[in-house]
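Try each task on your own before you read its solution.

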Amino acid sequence: MAHTNKGRVSRFADFAEAYAAMTSAGEFPASFTETIDESRLSIIDDPTRDPMPDPELARGCVEDLTAQIFRLLAGTRMESFGQPVAWGIVNSLHYVAKRTKRQEDDAAAELGEMVRVFDPSEVYQSRMEELQQRCQSLAEARAALETMCNHAANVYFVETGKPFNTIRGSRTGTGLTASQIEGFDYLKAREAEHNAKHYPARPAVLVSGGGDWEDADMIFRRLDMVRARIPHMILFTGKRFKGAEQISTCWANERGVPIVGFSLNKRGSNDFRAAYRRNEVWNRLDEIVEAMIFQQSKVQEDLARLLRARDVPLHIFRLAEQNNGTGPTDLAALRAEEQRRALA
């Protein structure tokens, strides 16, 4: 039978109890404190002395935005839309926080260039002060947005039992969710060897395939066994949002294991080769010390061949092995049985 994760919470009192164990709520007071006297978020805006939002109101607003959509749709014919709508809310916060971080980085880079080329003129000093103020203002806003995003992601996790995954980019979150790092960011940081957030230098266990896999208990047990031998492991996946890779991501979040998701690079005319190119990337990474490969397609067969040639230990899972050897659940048969019972 499938592993029972934290399911969607049906009553607000239950949610409050479940949320008590989450840590992101404690970040709000620090993240919503004014760090400078005046804020200036762009060169066209005048400085403002307006306060930051109230931290408790911010926490409650984010919580309501994410959780109440499930209350609205629960028990209705639209209940299945709750998860994608809530995901969109969390992703919006993630996107705005990420965009603000890019603006902060650009302002910091410009400030760094000005520091290297000193000019005693009044215009130079005024520009320096403006850039410093903008960097600090963007950093202040970015910290608040990241806290809101982390909180919303944790609410999403409590409600659905599934970690919030971004479509692209990394999320080095806190609280219930482990860091989820985009493969491209990992490879860049690995080459530079200076960004610990995006390059956790640990042995990696790779999970690939199994889009139709449903037996979560088997995956949880096997990953627990692997982690007992490799306690400081990180998890590599193909960043699929279903099946074995999604189940493995849930396991990693529950265990606090960092996740690196390698999205397909489909740019160019040979899109059909993208999965094979990703296999070649994985095959070049010495960090991979074990791999769990789930039956799916020729891509997984190719990956197993490559890794076996390097003597990487493999765990091969076939679809028929699920559910104590009974294989995948026959959903059509279950629906037919339910219809027969309804008519009886």
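## Exercise 1: A tryptophan and its ring partners

Keep in mind that this is a predicted model.

**Task.** Decide whether Trp282 is buried or exposed.

**Solution.** Start with the value: the relative accessibility of Trp282 is 0%. Next, recall that buried means under 20%. Trp282 therefore counts as buried.

**Task.** Work out how the rings of Phe236 and Phe262 are arranged.

**Solution.** 
- Step one: the ring centres of Phe236 and Phe262 are 5.0 Å apart, and rings pair if their centres lie within 6.5 Å.
- Step two: the planes of these two rings stand at 65°, and an angle over 60 degrees counts as edge-to-face, so this pair is edge-to-face.
- Step three: Phe236 belongs to strand β3 and Phe262 to the loop between β4 and α9, so the pair ties together parts 26 residues apart in sequence.

**Task.** Now do likewise for Phe262 and Trp282: which arrangement do their rings have?

**Solution.** The centres are 5.8 Å apart and the planes meet at 75°, so this pair is edge-to-face. Trp282 sits in helix α9, 20 residues from Phe262. Phe262 has 4% relative accessibility and so counts as buried. The structure holds six aromatic pairs.

## Exercise 2: Inside the chain

**Task.** Find which element gives the largest share of the largest nonpolar core.

**Solution.** First, note that this core has 21 residues; among those touching the most other members are Trp213, Ile219 and Phe294. Then list the elements that give two or more residues: β2, α7, α8 and β5. Of the core, α7 supplies the largest share, with six residues.

Now look at Trp213 itself. Beyond its neighbours within four places in sequence, Trp213 is in contact with residues including Ile219, Ile247, Phe294 and Phe317. Ring pairs also link Trp213, Phe294 and Phe317 into a cluster. A second, separate core has 20 residues, including Ala86 and Met148.

## Exercise 3: The whole chain

**Task.** How many helices and strands does the chain have?

**Solution.** Counting gives twelve helices and six strands. Of the 344 residues, 43% count as buried.

Methods:
Residues are numbered from 1 along each chain as its sequence is written. This is a predicted model: local features need pLDDT of at least 70, side-chain atom pairs count only at pLDDT 80 or more; totals for chains, interfaces and linings use all residues. Side-chain values use heavy atoms; hydrogens and water are left out. Helices (H or I, at least four residues) and strands (E, at least two) are DSSP runs, numbered from the N terminus. Buried means under 20% relative accessible area, exposed over 50%, partly exposed in between (1.4 Å probe, protein chains only). A nonpolar core is a set of buried Ala, Val, Leu, Ile, Met, Phe, Trp, Tyr and Cys residues joined through side-chain atoms within 4.5 Å. Contact means heavy atoms within 4.5 Å. Rings of Phe, Tyr and Trp (its six-membered ring) pair if their centres lie within 6.5 Å; planes under 30 degrees apart count as stacked, over 60 as edge-to-face and the rest as tilted.
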